[in-house]
Amino acid sequence: MLDSVEANNFEALPLLSLNHVSLLCRSVWDSVRFYEDVFGFVSIKRPSSFKFNGAWLYNYGIGIHLIENPSIDDFDTIVEPRPINPKDNHISFQCTDVGLVMRRLQDMGMKVDQIFFHDPDGYMVELCNCENIPIIPLSSCSFKQRLSSFYKSAPAKCGFMENAMMESLSMEMLNISF
């Protein structure tokens with residue numbers, strides 16, 4: 001693994017976007033129904049050379065690849081979905097109306113905590129309207145200065161909102177527990 005000094009010596013990879021997320025599931029059929037019915041994904045053809053049960057779904061410019069593994073419980077803790085925890089692994093989808101989405105999920109009988117819920121295999125899913133959150137590269141503000149002095153005056157190259165977000169992010173990073 002490259003350390004941060006070595007990684008900074010290389011140009012970023014010429015990536016375009018997230019292509020797909022791959023998930024192990026107990027039942028491809030149950031998971032396909034979930035992602036089609038709840039999210040509007042559509043099943044697409046997958047290579048015929050695969051010798052295992054699975055499905056590919058596509059919508060919104062991303063794919064979900066499902067791989068059936070009925071013995072998933074033997075080596076994973078997804079028997080009972082873990083409590084909703086925004087700091088746990090999850091997939092997040094952008095939506096236009098969080099309130100409407102929450103009502104529809106509840107109408108489907110799904111337990112919704114904030115806008116986090118579980119798929120049939122216990123994977124946590126988030127829905128958000130994150131376009132309201134500005135995307136600010138950490139390199140755009142003096143992060144090292146912010147860590148050393150949370151309450152001193154803000155660096156000149158960042159505005160009030162950027163500094164507030166950097167301070168919040170800094171505090172969150174310091175509160176991470178393993």
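Cys25 is buried, with a relative accessible area of 1%, where buried means under 20% relative accessible area, exposed means over 50%, and partly exposed covers what lies in between (1.4 Å probe, protein chains only). Cys25 lies in strand β1, residues 20-25; here strands (E, at least two residues) and helices (H or I, at least four) are DSSP runs numbered from the N terminus. The C-alpha atoms of Cys25 and Tyr123 are 9.4 Å apart in space, although 98 residues separate the two in sequence.

This is a predicted model, in which local features need pLDDT of at least 70 and side-chain atom pairs count only at pLDDT 80 or more, while totals for chains, interfaces and linings use all residues. Residues are numbered from 1 along each chain as its sequence is written, and side-chain values use heavy atoms, with hydrogens and water left out.

## Overall fold

The protein contains five helices and seven strands, which follow one another along the sequence as α-β-α-β-β-β-β-α-β-β-α-α. Of the 178 residues in the protein, 30% are buried. Among contacts (heavy atoms within 4.5 Å) with a separation of 6 or more, 56% join residues 24 or more positions apart.

The accessible surface comes to about 12500 Å², and 58% of this belongs to carbon and sulfur atoms; the areas come from the Shrake-Rupley method with a 1.4 Å probe, and for residues only the protein chains shown count as cover.

## The largest pocket

The largest pocket has a volume of about 360 Å³. A pocket is an open set of points on a 1 Å grid over the protein atoms alone, where a 1.4 Å probe fits, with protein on both sides within 12 Å along at least five of seven lines, and its lining residues have an atom within 4 Å of a point. Grid points are joined across faces, edges and corners, and the volume is the space filled by probe spheres set on the points.

The lining consists of 15 residues, with Phe39, Tyr60, Cys95, Val101 and Leu127 nearest the centre of the pocket. At least two lining residues come from each of α2 (28-39), β5 (91-94) and α3 (98-107), and α3 supplies the largest share, four residues. By class, eleven lining residues are nonpolar, two polar and two charged, with Ala, Val, Leu, Ile, Met, Phe, Trp, Tyr, Cys and Pro taken as nonpolar, Asp, Glu, Lys and Arg as charged, and the others, Gly among them, as polar. Domain 1 (17-71) and domain 2 (80-133) each give at least three residues to this lining, the domain bounds coming from an automatic or database assignment.

## Two tyrosines around β3

Tyr60 is placed in the loop between β3 (54-59) and β4 (62-68), and is exposed, with a relative accessible area of 54%. The phi angle of Tyr60 is near 60 degrees, a positive value in a residue other than glycine.

Tyr58, found in strand β3, is partly exposed at 40% relative accessible area. Beyond its neighbours within four places in sequence, Tyr58 is in contact with Phe41, Val42, Ile44 and Gly63. The C-alpha atoms of Tyr58 and Ser43 are separated by 6.5 Å, with the two residues 15 apart along the chain.
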